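Me: I am new to this structure and would like to go through it with you. Could we take it step by step?

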Amino acid sequence: MRHDSDEALMARYIDDGDRDAFRVLFDRYGDRLHRFFSRSAGPEVAADLVQTTFLYLHRARHDFDRRRALRPWLFAIACNTRREHWRRRKRRAETPLREGQEGFTAPSTSSVRDRLVRRALEQLPEHQREVMVLRWYGELSFAEIAAALGIRTNAAKVRAHRAHRQLRTLLGGEP
């Protein structure tokens, strides 16, 4: 079962309710999704977002098109989960901790850099941000990104190029 294709495992889960097939899919993609969410939404919420993504996969399992690859579909669900997380977060203002407050920990250099990149990504138009997040953090090819977003491969490449240009400007590099 460990060597079965993602699509074969998903078919077994849909047809037979095969929990082992679902578990193998979770084992294959759980860490990758965790990295995706850690980098794009923050490590503090990554585990919850992975669980939510697989919950949505379970709920939408009968909508899976068996003629297509599972990975882009799964990352489309992950993008929607991430987007919903940001919507909820914007509705609920958070008060930042200040140095000296209980629970405050000085951020490391890498976490500061990650936060700066996340803030810059948040400033991109949604269609560019999604491409960059899937490319960098989801490690998807442009063809997989196109399939996940329902666009052409060239459109994904153009969006990535424009996003790179804008990110360079936002992060203080040359345009």
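Me: Is Glu139 buried, exposed or partly exposed?
Reply: Glu139 counts as partly exposed, because its relative accessibility is 36%. Buried means under 20% relative accessible area and exposed means over 50%, with partly exposed in between (1.4 Å probe, protein chains only). Glu139 lies in the loop between α6 and α7, and its phi is near 55°, a positive value in a residue other than glycine.

Me: Before we go on, what kind of model is this?
Reply: This is a predicted model, in which local features need pLDDT of at least 70, side-chain atom pairs count only at pLDDT 80 or more, and totals for chains, interfaces and linings use all residues. Residues are numbered from 1 along each chain as its sequence is written, and side-chain values use heavy atoms, with hydrogens and water left out.

Me: And what is the mean pLDDT of the chain?
Reply: The mean is 86, and 86% of the residues reach 70 or more. pLDDT is the predictor's confidence in each residue, from 0 to 100.

Me: Where does pLDDT stay under 50?
Reply: One such stretch is residues 93-97, for which the model has five contacts beyond four places in sequence. Another is residues 103-107, with six contacts beyond four places in sequence. Contact means heavy atoms within 4.5 Å. Where pLDDT is low, the predicted coordinates should not be read in detail.

Me: How many helices and strands are there?
Reply: The chain has eight helices and zero strands. Both are DSSP runs numbered from the N terminus: helices are H or I of at least four residues, and strands are E of at least two.

Me: How much of the chain is buried?
Reply: Of the 175 residues, 39% count as buried.

Me: Which residues of the largest nonpolar core touch the most other members?
Reply: They are Leu33, Phe36, Phe37, Leu57, Phe75, Leu121 and Leu134, out of 45 residues in that core. The elements giving two or more residues to this core include α1 (6-16), α2 (19-40) and α8 (153-170). A nonpolar core is a set of buried Ala, Val, Leu, Ile, Met, Phe, Trp, Tyr and Cys residues joined through side-chain atoms within 4.5 Å.

Me: What is Phe36 in contact with?
Reply: Leaving aside neighbours within four places in sequence, its partners include Phe75, Ala78, Val133 and Leu134.

Me: And where is Leu121?
Reply: Leu121 lies in helix α5 and is buried, because its relative accessible area is 3%. Beyond four places in sequence, Leu121 has contacts with Arg129, Met132, Val133, Trp136, Tyr137 and Leu167. Leu121 and Leu167 are 46 residues apart in sequence and 7.2 Å apart in space, C-alpha to C-alpha.

Me: Changing topic, how many cavities of 30 Å³ or more are there?
Reply: The search finds one, and about 40 Å³ of space lies in the largest cavity. On a 1 Å grid over the protein atoms alone, a cavity is a set of points where a 1.4 Å probe fits but cannot get out, and lining residues have an atom within 4 Å of a point. Grid points are joined across faces, edges and corners, and the volume is the space filled by probe spheres set on the points.

Me: Which helix gives the most to the lining of the largest cavity?
Reply: That is α5, with three residues. The residues lining the largest cavity are Ser40, Arg82, Trp86, Arg118, Leu121, Glu122, Arg129 and Val133.

Key: 1 Å grid on protein atoms, 1.4 Å probe; cavity = no way out; pocket = protein on both sides within 12 Å on 5 of 7 lines; lining within 4 Å.
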